[in-house]
Amino acid sequence: MIKTAHIGVGISGQEGIQAVLASDYSFSQFKFLQRLLLVHGRWSYLRMCKFLCYFFYKNFAFTMVHFWFGFFCGFSAQTVYDQYFITLYNIVYTSLPVLAMGVFDQDVTEQRSMEYPKLYEPGQLNLLFNKREFFICIAQGIYTSVLLFFIPYGVFADAAQLADYQSFAVTVATSLVIVVSVQIGLDTGFWTAINHFFIWGSLAVYFAILFAMHSDGLFQMFPNQFRFVGNAQNTLAQPTVWLTITLTTVVCIMPVVAFRFLKLDLKPELSDTVRYTQLVRKKQRAQHRCMRRVGRAGSRRSGYAFSHQEGFGELIMSGKNMRLSSLALSSFAARSSSSWIETLRKKKGGDSNASSPSGGADKPLKG
Amino acid sequence: MKNKNSQGAQECPSRCPDNSAFKQQKLPAWKPKLTAPSVLSSFFTIGVFCLLMGICIILSARSVKEIQINYSDICLSCSKLRENSSNWDKECNCSVHFTLQENMLGDVFMYYRLQNFYQNHRRYALSRSDAQLLGQDVNIENSNCAPFTTYPNGTPMAPCGAIANSMFNDSIQLSYHLNSYTAIQVPWLKSGNSWWSDKNVKFRNPTSYNLSSAFAGTTRPPYWQKPAYLLDEEDERNNGYINDDFIIWMRVSAFPTFRNLYRRLHHTNQFADGLPAGNYTFHITYNFPVTRLKGKKQVVLSTITWSGGSNLFLGIAYTVSGAVTVLAGFIITAIHLKLRKKKTYFQR
């Protein structure tokens, strides 16, 4: 059974470890299954889906730019980017942020995951990554590639300065890295210190490598390899280039933000609602803490004296809420003032007779 | 269980991961949420910024004065002459008259503009030897310059490659008609037009006691009329590989329609402020053939601003994006206020 399941879980125990050897996951107590599914399994599904979606998106955004450039370079397969950028894009500039997201991302905390098992449903219904989601990722990648190519094309075609191939390459490459970094920033819902380090670090490493490869020293050592000498310094010093990059980023990212916000507003999923609940509860707890701090410096007054109802004083004095034998109860009741008791007995005359055997049968739940 | 309790709480099973925040996935984290105030305020801020930026750029681009003369269509006899490559040694001159309606004040730049010339073709863009252009003694047979490497008699070409070979070689002069009798030559600067890094790092002449001996043993590419060391005989710092026109041509363009800087106005005499309005004539020595590739050639005179030339695309794109973002902000606000579901949160 373990072998035929999608995921087999074995429990190691006194009956041997044969199940453990055949399983994908194994642990020692059956109660750990709840955490395995509701916390770790759910997070793993979420992380995997986000990772896949982003990976397809960034590669489509990167590659389709060559498709559009083909129309303008005589279909000669000229690359838009520097060859070293192409090599390093997937390895250095964009790999670590998505790896950090795939390892650390959490949509709700583990306590909430255990509290609301219904959060497990998207995994069972294949909601987070199916054909529809895949095509949406691809469409977003293609849309981004259109903007990444045609906005610099419009700016630099027939421009008075910076209309050369290498400046165009640097502009498109920088826009691409910035756009996909902003996108991973939007996708990451759980920013640990490591996520911060990877995302900002990848951007910093991109600029560091860019300036290093366009420097004079490397060119003089290998002139035929590092042809882009002097490019980064000249191109990135022009305001037009930064304006182009900013415009590309704004036009690529704003629709994504708009769609996600509207979806969150109009059709929130359970995880969104749970997260909002947490937010509201945190605010309420903070308010209560503030309120409590305001009034109560050392007063030991109980609320009983100010309540408008009879309160529970009679009940406590009557001993009815204590587990005494019926003999002790009757003697105790006779001793204390019995007005409340009599009222209660009058109100629930039949019920009190019926409830006492069940009251007596109430065994304590835990020793 | 009883044994474990008696041994104390420190005895954890051996497979237990550390109780650190990292391993227990309890790292402190910032959990940003897309809330209405943050999203809507960012939409409006970005929209207004883009609108303002777009308007600034449009205003600055509109302040640029530019004039474009399509001389390959006007100089038809020269175009036809150049269609046949055996006419290469016949000179052809062409004059184009035009009138400037307003003064062009400030820095005036003269560009030559080519249409339908695919400098971004992959095999073309590859065809150069950067090591040779550094003045190094390299074996150009191993470079990407083929077939523009050596002549049948074995003499190597300097510079090699298709890009260098197809260098733009029209010469364009401008004269200003003060009145109907006198015409004065407009003075132009030929150097200082290329990037510092190109002129001083990427292109270096081979060293020898003089430039012509440095190029000894090599010869000009087939389409050139004079060898590299005679590109500018007046200025030693603009001769050989470090000639500005050559450097600018070797910096290949990204698209088939492009303009390259040719000359800058030299602010002397009447032209201290710029080009005054009036009648002008271009005197062009037509060498570069474009009719076979269905291309066109133009001369462009233009001033410049911080935002580039007269290209309105960036300004219009910013304005449109700004307007769309602000509009989207309003629509999303309306949707948010009217149609949002009441936030259900579980009462506990």
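The legends below describe views of a predicted model.

**Figure 1. Overall composition of chain A.** Chain A contains 17 helices and two strands, taken as DSSP runs numbered from the N terminus (helices H or I, at least four residues; strands E, at least two). Of its 367 residues, 41% count as buried, that is, under 20% relative accessible area with a 1.4 Å probe, protein chains only. The accessible surface of chain A comes to about 20,600 Å², and carbon and sulfur atoms account for 64% of this area, as given by the Shrake-Rupley method with a 1.4 Å probe. Of the contacts in chain A between residues at least 6 apart in sequence, 71% join residues at least 24 apart; a contact means heavy atoms within 4.5 Å.

**Figure 2. The annotated segment of chain A.** An unreviewed UniProt entry lists residues 20-268 of chain A as "domain: P-type ATPase C-terminal"; such annotations may be inferred rather than shown by experiment. Over residues 20-268, chain A is 73% helix and 1% strand, with the end C-alpha atoms 40 Å apart.

**Figure 3. Surroundings of B:Arg251.** B:Arg251 lies in the loop between α10 (244-250) and β8 (258-265) of chain B. B:Arg251 is buried, at a relative accessible area of 12%. Leaving aside residues up to four places away in sequence, B:Arg251 touches A:Asp164, A:Gln166, A:Val229 and A:Asn231, together with B:Trp195, B:Asp198 and B:Lys202. The side chains of B:Arg251 and A:Gln166 are joined by a polar contact of 3.1 Å (a pair of N or O atoms within 3.5 Å; within protein, one must be able to donate a hydrogen and the other to accept it, and residues adjacent in sequence count only if both atoms are side-chain atoms).

**Notes.** Residues are numbered from 1 along each chain as its sequence is written, and chains are lettered from A and ligands numbered from 1 in the order in which they are written. Local features need pLDDT of at least 70, side-chain atom pairs count only at pLDDT 80 or more, and totals for chains, interfaces and linings use all residues, while side-chain values use heavy atoms, without hydrogens and water.

Definitions and conventions
Buried < 20%, exposed > 50% of the residue type's maximum accessible area, 1.4 Å probe, protein only.
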